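Me: I have a model open and would like to go through it slowly. Could you help me read it?

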Amino acid sequence: MRTTIRVGDVEITAIADKAHDFNPGFHFPSVDPEAWKPYSDLIEGPDGYVLVNFHCFLIRNGSQTVLIDTGWGPELGPPGAPKERGALMGDLEGLGVEPGDIDIVAFTHLHADHVGWNLVYEDEKILPRFTSARYLVSEPDWAFFSARDENHPNIAQQAIPLDDIGVLDTFNDGHPLTPFLTAEATPGHTPGHMSFVVQSSGERLYILGDLIHHPVIAHETDWVHKFDADPEMAVATRKKVLDRLEREETTVAAGHLQHPSFGRFARVDGRRVWKPIDVGPSLG
Ligand SMILES: [Zn+2]
């Protein structure tokens with residue numbers, strides 16, 4: 001499923017590679033189920049389950065094409081989900097975007113649900129799926145994941161070979177990927193977690209990455225996610241960034257929220273909430 005929003009002269013398309021219902025305890029194991037009680041209106045799935053999407057973002061201005069994150073990919077998926085092919089490549093095709101059209105593939109971080117469509121295994125060879133692209137990984141995430149003895153199979157097969165096949169570039173806080181796209185370090189979920197600022201003709205949009213996995217976190221910024229590598233830093237980063245995005249009324253793309261995951265943080269009755277933006281019809 002795909003939906004497009006415009007920011008100045010730039011088009012951003014949210015593409016849901018997959019979606020899955022989870023027991024809230026999977027994502028937030030340290031949170032007492034009782035603490036969810038005030039948020040019954042935010043439980044989207046059946047049987048008290050919460051819906052988590054896995055979005056990638058295609059960003060285009062007519063001369064440069066960037067893909068942020070590549071989803072779960074052709075084979076793997078979240079625990080407990082049926083084994084089915086992710087939708088990214090089909091949706092790109094539907095948009096008229098060939099794999100060779102992508103100039104840059106950049107990652108918010110190197111977790112398994114963000115790297116799945118990176119590479120193609122052909123005979124004995126490993127090839128970049130996006131044949132003309134440079135693949136941009138934050139330097140701290142590359143240092144962390146490439147030094148680990150054991151990684152999730154998607155990270156091991158789809159991310160770690162990027163260096164060996166010569167398509168990897170690393171970047172740091174403040175790096176301008178293009179004139180309309182800048183990286184901002186938001187560490188904690190992983191050591192080198194990055195968000196991205198899209199800016200064009202006086203408009204802006206913030207690609208949040210994994211600072212939140214569910215709308216409940218708009219208010220409950222202290223709730224630690226199962227995969228927050230450094231919980232204290234993740235909470236501090238989340239508070240700082242969400243406070244700023246609320247104060248500045250910034251348009252946000254929050255990839256794990258419901259499709260298309262475009263919205264804003266706003267204060268309602270003393271509680272910070274996630275307000276989705278209606279940007280028109282979704283395709284696919
Ligand atoms: Zn994720």
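Me: How many strands form the open sheet, and in what order?

Reply: This is a predicted model, in which local features need pLDDT of at least 70 and side-chain atom pairs count only at pLDDT 80 or more, while totals for chains, interfaces and linings use all residues. Residues are numbered from 1 along each chain as its sequence is written. Seven strands form the open sheet, in the order E10-E11-E12-E13-E14-E15-E16, with mixed pairing. Strands (E, at least two residues) and helices (H or I, at least four) are DSSP runs numbered from the N terminus, and two strands pair if DSSP finds at least two bridges between them.

Me: Which ones are the edge strands?

Reply: They are E10 (176-178) and E16 (271-276), each of which pairs on one side only. E10 is joined to E11 (residues 181-185) by two bridges, and these two strands run antiparallel, with Pro 176 standing opposite Thr 182 in E11.

Me: New topic: where is Phe 57, and is it buried or exposed?

Reply: Phe 57 lies in strand E3 (residues 50-60), and it is buried because 24 other C-beta atoms lie within 10 Å; buried needs 20 or more, exposed 12 or fewer, and partly exposed is in between, with C-beta atoms placed from the backbone.

Me: What does Phe 57 touch?

Reply: Not counting residues up to four places away in sequence, Phe 57 touches Ile 12, Thr 13, Ala 14, Ile 68, Ile 207 and Ala 253, where contact requires C-beta atoms, placed from the backbone, within 7 Å.

Note on methods. Contact = placed C-beta atoms within 7 Å.
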